[in-house]
Amino acid sequence: MSEFLEALKHSVLLQHALLAGVAASVACGIVGSYVVARRITYIAGGVAHCTLGGMGAARYFNKVLGWEWLEPLHGAVIAALLAALIIGWVSLRAKEREDTVISALWAIGMAVGVLFIARTPGYYEDLMSYLFGNILLVSRDNLVLIIGLDLLVVAVGLGFYNKFLAVCFDEEFSRLRGISVEFYYLLLLCLTALTVVVLVTIVGLVMVIALITLPVAIAGHFVSRLWQVMLLAAVISAALTTTGLAVSYQPELPPGAMTIALAGGLYLLVVGARRLGTKRVSG
Amino acid sequence: MLSKRPLALATVTSGDMNGSDVTAKPVITLTEVSFTYDGPPVIQRANLVVGERDFVCVIGPNGGGKSTLLKLMLGLIEPNQGTVEVLGKSPRVARSLIGYMPQHAQLDPRFPVSVLDVVLMGRLGRAPMLGPYRQADKQVALTALGEVGMAELRRRPFARLSGGQRQRVLIARALACEPELLLLDEPMANLDPVVQDDLYELLGKLNRKLTIVMVSHDIGFVSLYFKTVVCVNRTVHTHPMSELSHRTVADMYGREVRLLHHGRAPNARVEP
């Protein structure tokens, strides 16, 4: 741990990584709370996997066609927003089954990504960092984009807190109070998409869903109002990503996987302690 | 349930119910309303007038069209034929003056909100577009909580309330809309008789200044607070309580059974 702190003083890479982790945690706490309360974590999962298509395509255009300005992260933003809007539109309007469409998008996004990456030099490393994240590869430009997205998500997520809370809790009642339920639902899905993109850079698209749900689930055991859950989940998430980075530094383990393992361990610990606690109380 | 309550109806005869004044200012008017969800008609040529400060109970078998009738009054669905007017306007326009309470089974019982959070939702549409609720909104919400006797539990998580307490909170949320009309969808569902009595007493109190329309699945029981009973089974029949009170409970129950059969909906069925 002391080596990590020493390295942190000199390594810009580590400083970027730490900052990205904390920024992502704030968005994660806020949007994750809405997502878990509204029970749409599977939508977040679908959107996360769709980002591979966007990242793969952007990487291909960048490397093979020479579009220097197009970063994989840009492709991820576009793919995630597109997936979120399609899923939202399907669940609001179309007669197709929502879960079927999510599963289809999930797989199609992955397939498109793999095909593009197969035609791009550097297949293996790219794929691995997209799937499992590599917080140490966050460039300066990426960090700016991540913090920008983060601020946007936080501002919108908190500014419309009352509306989102009402729409998540009771759609029909909100509609009767003159709230455009469709608009806020789509807006929430877009915020979810942007949060997913930010998190993909930290833990990779496979493990995003754990970082969205676990801190919120842990926080839910201690506080009972949505804004309290947001605050606590953001703190827990920041602690987890920072600890994950620190613990994995010296043994050179992947920080994303370490973060998720810590989150899972903490969740099991809290649930276990709670169960023991209630058993003792009830005799 | 029925056998426990013959006295409630019997007392209506002597009780002064100062029935609603339909002629003065109708709150809800349905004229020749028909509605179908791509199939056989759910509501057929319904006519209904609800007067100011009426207390209407809508009863009928499952699938008979009670919820559809409520949705028509809220403007959530449009009639295929006929017109619906609420407070002299179209239901969509009048919505802001309707306090609506859904069936609480529709809500996620583990959602992380406090009692006050839920009641404040009644201020949506009047509170600022962006940012937190104003102090004035909080005051209205607290007053509404006081009216249902739940002010002290305002910080309690909604998830930790009993069924009766939840219904009270949802009524407070409807009151926080500062409505002229309360529409309640099965407010008595899954409550034990003692809690139901308390809730009827509260509704009776609110009825002094508000028009109330509630849906009930329990057709064997009619509260003494009701002024009008509306039977819905594709067709709609209105019975002022003063008319019903001349009959014995058994007669009324039998009469309802006949009426419901009269509608001849495919699933017309009376569960005693």
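## Fold of chain A

Read along its sequence, chain A of this predicted model follows the pattern α-α-α-α-α-α-α-α-α-α-α-α-α, and its secondary structure accordingly comprises 13 helices and 0 strands. The radius of gyration of chain A is 19 Å, close to the 19 Å that the globule rule gives for 283 residues, so the chain is as compact as a globular protein of that length.

Taken along the principal axes, the C-alpha atoms of chain A fill a box of roughly 55 × 50 × 30 Å. Of the 283 residues in chain A, 48% count as buried, and among its contacts between residues at least 6 apart in sequence, 77% join residues at least 24 apart.

## Domains of chain B

The domain assignment divides chain B into domain 1, made of two segments (1-87 + 181-265), and domain 2 (106-179). The contact between these domains takes 10 residues from domain 1 of chain B and 6 residues from domain 2 of chain B.

On the side of domain 1 of chain B that touches domain 2 of chain B, strand E6 (181-185) and helix H7 (193-206) each supply at least two residues, with H7(B) giving the most, 4 residues. By class, this side of domain 1 of chain B has 8 nonpolar, 1 polar and 1 charged residues.

## Interface between the chains

Between the two chains, 19 residues of chain B are in contact with 20 residues of chain A. The side of chain B that touches chain A has, by class, 13 nonpolar, 4 polar and 2 charged residues.

Terms used:
Residues numbered from 1 in each chain as written. Chains lettered and ligands numbered in written order. Predicted model: local features only at pLDDT ≥ 70, side-chain atom pairs only at ≥ 80, totals over all residues. Domains from an automatic or database assignment. Contact = placed C-beta atoms within 7 Å. Nonpolar A, V, L, I, M, F, W, Y, C, P; charged D, E, K, R; others polar. Rg over C-alpha atoms; globule rule 2.2 N^0.38 Å. Buried ≥ 20, exposed ≤ 12 C-beta atoms within 10 Å, placed from the backbone.
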